[in-house]
Amino acid sequence: MPRYDITVTGRVQGVGFRYFAQLEALQRELSGWVRNEPDGSVRMEAQGDEESLHAFIRALGQARYPAEVDRVIPVELDEKSEPAKFRIVH
């Protein structure tokens, strides 16, 4: 299954964006994780079928107020085994 490292920039911390990402990932049955980064971005790894991953990436870019997404930067990674659920990590 394809796996992506995804960085989202903009006003994405302190606005519930990680919970939004988790909900979107769980609805698409993706595995992986999401966390805040020190530079103000949100980073995640997501793995699942290609169609679900592309829909997830599109949804991240369309997040609405109070989040303000500037960029969604997906980088394809090698597949690895992930826990079955998408989780928020600190």
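Student: Among contacts in the protein chain between residues at least 6 apart in sequence, what percentage join residues at least 24 apart?
Tutor: This is a predicted model in which local features need pLDDT of at least 70 and side-chain atom pairs count only at pLDDT 80 or more, while totals for chains, interfaces and linings use all residues. Residues are numbered from 1 along each chain as its sequence is written, and side-chain values use heavy atoms, without hydrogens and water. A contact means heavy atoms within 4.5 Å. For contacts between residues at least 6 apart, the share joining residues at least 24 apart is 79%.

Student: In what order do the elements of the protein chain run from the N terminus?
Tutor: Elements are DSSP runs numbered from the N terminus: helices are H or I with at least four residues, strands E with at least two. The protein chain comprises two helices and five strands. From the N terminus, their order is β-α-β-β-α-β-β.

Student: What radius of gyration does the protein chain have?
Tutor: The radius is taken over C-alpha atoms, and the globule rule is 2.2 Å times the number of residues to the power 0.38. For 90 residues, a compact globule would be near 12 Å. The protein chain agrees with this, having 12 Å.

Student: Is Ala21 buried or exposed?
Tutor: Buried means under 20% relative accessible area, exposed over 50%, and partly exposed in between, with a 1.4 Å probe and protein chains only. Ala21 is in helix α1, where, leaving aside neighbours within four places in sequence, Ala21 contacts Val34, Met44, Phe56, Leu60 and Phe86. Because its relative accessible area is 0%, Ala21 is buried.

Student: With which residues is Glu24 in contact, leaving aside its neighbours within four places in sequence?
Tutor: Glu24 lies in helix α1 (residues 17-27). At 13% relative accessibility, Glu24 counts as buried. Its contacts beyond those neighbours are Phe56 and Ala59.
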